[in-house]
Structures are given as structure tokens and as C-alpha cells.
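Please look over the model below. The briefing that follows takes it topic by topic.

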Amino acid sequence: MHVAYCDDEEIQLEYIGNMIKTWAKKTGSEVCYSAYRSAEELLFMHEGNYPFDLLLLDIDMKGMDGMALAREIRKKDTGLPIIFLTNRREYVFEGYEVAALRYVLKPLTEEKLYPLLSELSDRKSEEGRYLIETIAGEPRKIDLKRLMYVEAEGHYLTLHMDQEKSRRAEVQFLRLKKSLAVFEKTLADAGSTGMFVATHRSFLVNLSYVERVLRTDCILSDGSSIPISRNCYKAVNEAFIAFYKK
């Protein structure tokens, strides 16, 4: 789980970072914590891609405040969970404008933070698994439930994403430099065994999108046709049947 916090007070960044690490240790959870000292720094570092599972956001900051930052984020990402932290109650109605998950008055204590982290962790487990891959020089979170299929072209992979399930509607294709064999192992390490199957030496397909398996290709829910090699047909057909028997 990746938690980010943006605040212009260094002591707050350290304080909340320590609380998150303590929660992770107590619960046995894996948490990546990122701290940003200004709204401008966060926007500069990510340029429209926000690879977080949760953003804690102080409203009262110098320069661009937290509410203005949230509005910028929502132009690109409509689903990122945002929790506002502030000393002033009057911001609560503006929080609804940017679909804030919560509005929490400072000081943020363990009693307030830990239930939120546990709720998010439970929700993330229910939603599915993610990969973090470096794309265009920056880390990007990839939702495996949205990954329809992977196509290998030379030394690069094209990840074909389901736009309908995306919180970033404009993202349909992602490209990264990696071999299909290495990516397949990464998927297995992420616990997605049985979810993806190789249909061809150049293709991996997410079985949840497969509608029909034919002798020479499989048809996906969006109408795409993915080739099946002669050597892969038996394994693809068996994997398809097993997947929908679960």
C-alpha cells in the first residue's frame, strides 16, 4: 500500500510518517510512505500520474493550498482517495467538491489514523492486486484487474488496459521495456497465478476478459481477437475452463 502526505511543515511529515510505519509494523502490512513539502513539489514529481493508494493532504499550505492541489489532481485522477487535514472546519463543504474520502481535524492521532489505514487496506485487498512498473521514467501503479492483455514487441511490452474500469479514463495503453518472460514472473510473484495465461509467445491474456476460446484465437469482452498458437491451445482452453469453475 502506498500512502502519500503533502504538508509544508517538516515536523508533521515526520510525525505522520512515523505513525504510518508503526501501524505497518503492528499489522504486518507493507506500506510505502512518500512525503511532499508543497503542492508544487507533488505536481512536479508526478505530472498527472499519482501512484498512491491514499493521499493525506494538508489544506493550509503556503503557495498552492491543499484544496487547489486536489482540484488539479481530480482533472487527471477521479478515484484517488484523498483525506484532508486541517485546523479549520469551514473547508468541509469544499471537500465534497473534490470527492474527499474524509475530512479530519488536526491533530491527527493514532486513534483517527489507524482505522482509516485499516479500512483502506481491507478495501485494497478486496479490489485486487497491483504492480508498480517504471513507465516513461516514473513509477506507475498498474491495476491487474484492468490489465486486459500484454503484447510483446521486440524489447518492449504494450499493456492494454480496460478504459471502462479506469479512474484515469484517458489511459488505454502503457509501454515498458521488459521481456514477456520477466513480466510473467512478476505477475506470478504478485499472486496472480491462474489469472493470466500465455496464448502465444508474444501474448499474455487476462482470463477474466476472455469470452470465447477458439482454435486459433480467443475473443475478449471488448471484441478484441488475440492469437492462440498451436502449442498453447490446450493450456489456454484448460486455464479458461478452470478459471470460470472457481
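**Briefing**

A hairpin of 3 residues links β13 to β14. The model is predicted. It holds 7 helices and 15 strands.

**The β13-β14-β15 sheet**

- Three strands make up this open sheet, in the order β13-β14-β15, and the pairing is antiparallel.
- β13 and β15 are the edge strands, each with a single partner strand, so one side of each has no neighbour in the sheet.
- From one strand to the next, the twist averages 25°.
- β13 covers residues 210-213 and is joined to β14 by 3 bridges, with the two strands antiparallel.
- Within that pair, Val213 lies opposite Cys218 of β14.
- Arg212 lies opposite Ile219 of β14.
- Ile219 has Ser225 as its bridge partner in β15.
- The hairpin of β14 and β15 has 4 residues between the strands, and Gly223 in it has a positive phi near 95°.
- For context, most residues other than glycine have a negative phi.

**The parallel sheet**

- A second open sheet has 5 strands in the order β2-β1-β3-β4-β5, with parallel pairing.
- Its edges are β2 (32-36) and β5 (102-105), each with a single partner strand, so one side of each is left without a neighbour in the sheet.
- The twist here averages 20° from one strand to the next.
- Helix α2 packs on this sheet and touches β1 (2-6), β2 and β3.
- The direction of α2 makes about 120° with that of β2.
- Strands β3 (residues 54-58) and β4 (residues 82-86) are paired in the parallel sense over 4 bridges.
- In that pair, Leu56 lies opposite Ile83 of β4.

**Helices α2 and α3**

- Two packed helices are described by the angle between their axes and the distance between the axes.
- At what angle do the axes of α2 and α3 cross?
- The axes of α2 (residues 39-46) and α3 (residues 66-76) cross at roughly 20° and come within 10 Å.
- That angle makes α2 roughly parallel to α3, because angles under 35 degrees count as such.
- The crossing of α2 and α3 is right-handed.
- From α2, the contact uses Ala39, Leu42 and Leu43.
- From α3, it uses Leu69, Glu72 and Ile73.
- By class, the contact of α2 with α3 has 5 nonpolar residues, no polar residues and 1 charged residue.

**Ser202**

- Ser202 sits in the loop between β11 (196-200) and β12 (203-206).
- Is Ser202 buried or exposed?
- Ser202 is buried, because its relative accessible area of 19% falls under the 20% cut-off.
- Beyond its neighbours within four places in sequence, Ser202 is in contact with Val150, Glu151, Ala152 and Leu180.

**The cis bond at Pro107**

- Which residues does the cis peptide bond join?
- The bond joins Lys106 and Pro107, and its omega is about 0°.
- Most peptide bonds are trans.
- Pro107 lies in the loop between β5 and α5 (110-127).

**The protein as a whole**

- The C-alpha atoms fill a box of roughly 65 × 35 × 30 Å, taken along the principal axes.
- Of the 246 residues in the protein, 47% are buried.
- Among contacts between residues at least 6 apart in sequence, 53% join residues at least 24 apart.

How values were computed. Residues numbered from 1 in each chain as written. Predicted model: local features only at pLDDT ≥ 70, side-chain atom pairs only at ≥ 80, totals over all residues. Heavy atoms only, no water. Pairing = 2+ DSSP bridges. Axes fitted to C-alpha atoms, helices over the stretch in contact; angles between N-to-C directions. Parallel < 35°, antiparallel > 145°, perpendicular 65-115°, else oblique. Left-handed = near helix turned anticlockwise from the far one by under 90°. Contact = heavy atoms within 4.5 Å. Nonpolar A, V, L, I, M, F, W, Y, C, P; charged D, E, K, R; others polar. Buried < 20%, exposed > 50% of the residue type's maximum accessible area, 1.4 Å probe, protein only.
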